[in-house]
Amino acid sequence: MNNKDKKFWNERRQKLKDDIESKRLNCAVAIPEAKFVENVGGIIRTANAFLIKEIILDQNVYNKAATAGTAAWENIQVTKNLFEYIKQNNYISVALEQHPRSVPLWDFKFPINSVIITGHEVQGMSDEMVEQCDHVIEIPQYGLVESLNVSTATSIALYEYCRQYRRIPKDSI
Ligand SMILES: C[S@@+](CC[C@H](N)C(=O)[O-])C[C@H]1O[C@@H](n2cnc3c(N)ncnc32)[C@H](O)[C@@H]1O
């Protein structure tokens with residue numbers, strides 16, 4: 001590719017990136033203790049679909065194929081100290097977990113600056129972590145299996161966040 005073509009494609013890419021950034025809402029997903037890289041990739045793909053602000057990981061590891069090429073466009077933050085990061089960035093923490101404290105998803109009004117925190121795929125979220133969260137939400141289930149895949153559960157929660165905020169004209173938020 002010659003320099004003129006490179007410049008053209010770089011400018012196009014930047015324009016697209018700026019457009020995407022301008023449409024993001026102030027919501028994040030945190031995956032503090034992922035076990036399966038496919039699930040992290042799937043969550044990154046969903047985060048891109050709904051254009052949330054960022055994905056917070058404890059290490060920058062995910063399955064590229066599962067992201068369907070979206071990771072390059074997403075804001076991925078890596079921190080070992082999630083609750084310090086949450087405080088510094090003025091998020092309200094929302095644990096996604098089946099827990100005695102949890103509120104059914106359809107009764108919950110998300111704060112606009114929510115960070116949705118996911119639990120471990122096998123063990124779920126520790127009580128200590130749930131205790132640190134401002135809110136706890138649960139997706140009601142009726143079938144034989146008692147929990148959802150973490151990527152599926154995150155998609156449902158992000159869809160609901162979006163349903164609550166994307167219906168409002170962005171300027172009025
Ligand atoms: C497969 S679940 C964890 C294991 C689960 N505690 C169990 O005993 O089968 C993985 C994670 O997905 C999320 N999750 C799954 N189903 C959920 C539901 N119905 N409501 C809220 N979060 C859910 C939670 O973050 C949970 O920690």
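This is a predicted model: local features need pLDDT of at least 70, side-chain atom pairs count only at pLDDT 80 or more; totals for chains, interfaces and linings use all residues.

I searched the whole structure and got five aromatic pairs (Phe, Tyr or the six-membered ring of Trp, with centres within 6.5 Å; planes under 30 degrees apart are stacked, over 60 edge-to-face, the rest tilted). One of them joins Phe8 and Trp9, edge-to-face at 5.2 Å centre to centre with 80° between the planes. Phe8 is partly exposed at 44% relative accessible area, and Trp9 is partly exposed at 45% (buried is under 20%, exposed over 50%, partly exposed in between, with a 1.4 Å probe and protein chains only).

Next I looked at Phe110 and Tyr161: the centres are 5.7 Å apart and the planes at 75°, so this pair is edge-to-face. Phe110 is in the loop between strand E5 (103-104) and strand E6 (114-117), Tyr161 in helix H6 (residues 150-165), so the pair ties together parts 51 residues apart in sequence (helices, H or I, of at least four residues and strands, E, of at least two are DSSP runs, numbered from the N terminus). Both Phe110 and Tyr161 are buried.

**Cysteines**

How many disulfides are there? I count zero (the rule asks for two cysteine sulfur atoms within 2.5 Å). The sulfur of Cys133 has its closest cysteine sulfur in Cys27, 14 Å off and too far for a bond. For Cys162 the closest is also in Cys27, at 8.0 Å, again too far.

Residues are numbered from 1 along each chain as its sequence is written, and side-chain values use heavy atoms, leaving out hydrogens and water.
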